[in-house]
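Dear colleague,

Please find below the structure that I am handing over to you, together with its sequence. My findings follow directly after it.

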Amino acid sequence: MEKELCWCGSGHAYEDCHKIIDDKIAILAAQGKEVPTRDMIKTPEQLEGIRKACALNTAALDEVEKHIKAGITTGELDRIIYEFIISHGGVPGDLGYYGFPKSVTISVNDVVCHGIPGDRPYDVLKPGDIVNVDCTTVLDGYYGDASRMFCIGKINKKDKELVDVTKECLNRGLQAAQAWGYLGDIGAAIAQLAHKHGFSVVEEFGGHGVGVDMHEEPFVAHYGKRKTGMVLVPGMVITIEPMINAGRKGIYEEEDGWTIRTQDGKKSAQWEHTILITENGPEILSY
Ligand SMILES: [Zn+2]
Ligand SMILES: [Zn+2]
């Protein structure tokens, strides 16, 4: 008798492929745990496409790194990203997303996220600025998402601490992103470190599933309680992207409908990776 093939399209028998994971999920669900739906577990074919999109996304941020310096406008960086992604066969995910007018979001100093690049006088980067460049790339219908901080010239000690601690918050989140652990483990690890340094965690925005769409379930909070929330299962692709404020956690949206700033005017930092949950720990797909 023919063996039943796995739903994931691997061509392997179901019992040698995802049955092991499906059985584990069923047991956890029966215990009342929140578990991912099947569409949150990527197939080998999807993963192949997501890996390529993520690699191009990482290369786009590497390209930004070559050019970003005092005197450049965020608008110029946006054009560099656009040209790079298009010339490599991709499409910037941000462009036209809910009407977003540019190819990337660039958030300077007290801008928490979703800053719109431009060529206005205040869009010129200057020494002392801390800058987040957040890029999503679509390639052959698959998505990769990452962001990095860039420090322009010499920055002050407090800002350096904010940028470095936020990076370490991401690392702590990654360490906590273990198969058969919980989403709450990630948020708890991030918030613990941020609070230890007297910083606060933005709660309104978070990471997310990604890969087949730009924003998928689940929502990945950067605060939370250990052993709560959705169980992390091998094959899930999510972003971790803590937004950490130097002062209080309050934020507001500007009249442009996009730009998010800290209420207290203090600075904010963010780092983001796209990762794949595996039995051997998280695999970084885009950084
Ligand atoms: Zn399978
Ligand atoms: Zn994201």
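Predicted model: local features only at pLDDT ≥ 70, side-chain atom pairs only at ≥ 80, totals over all residues.

The buried residues of α2 are Ile50, Arg51, Ala53, Cys54, Leu56, Asn57, Thr58, Ala60, Leu61 and Val64. An α-helix has 3.6 residues a turn, so residues three or four places apart point the same way. As for their partners, the buried residues of α2 pack against α3 (74–87) and against the strands β4 (130–139), β5 (142–151), β9 (237–240), β14 and β15.

Two of these partners, β14 and β15, also form a hairpin. Strand β14 (residues 273–276) pairs with strand β15 (residues 283–286) in the antiparallel sense, over 3 bridges. Within this pairing, Ile275 stands opposite Ile284 in β15. The hairpin has 6 residues between its strands, and Gly281 adopts a positive phi near 95° there.

Turning to the chain as a whole, the protein is divided into domain 1 (1–32) and domain 2 (39–286). Taken over C-alpha atoms, the centres of domain 1 and domain 2 are separated by 33 Å. How many residues of each domain are in contact with the other? In domain 1 there are 6 such residues, and they meet 6 residues of domain 2. The side of domain 1 that touches domain 2 has 4 nonpolar and 2 polar residues, with no charged residues.

Yours sincerely

How values were computed: Residues numbered from 1 in each chain as written. Chains lettered and ligands numbered in written order. Domains from an automatic or database assignment. Contact = placed C-beta atoms within 7 Å. Nonpolar A, V, L, I, M, F, W, Y, C, P; charged D, E, K, R; others polar. Pairing = 2+ DSSP bridges. Helix = DSSP H or I, 4+ residues; strand = E, 2+ residues; numbered from the N terminus. Buried ≥ 20, exposed ≤ 12 C-beta atoms within 10 Å, placed from the backbone.
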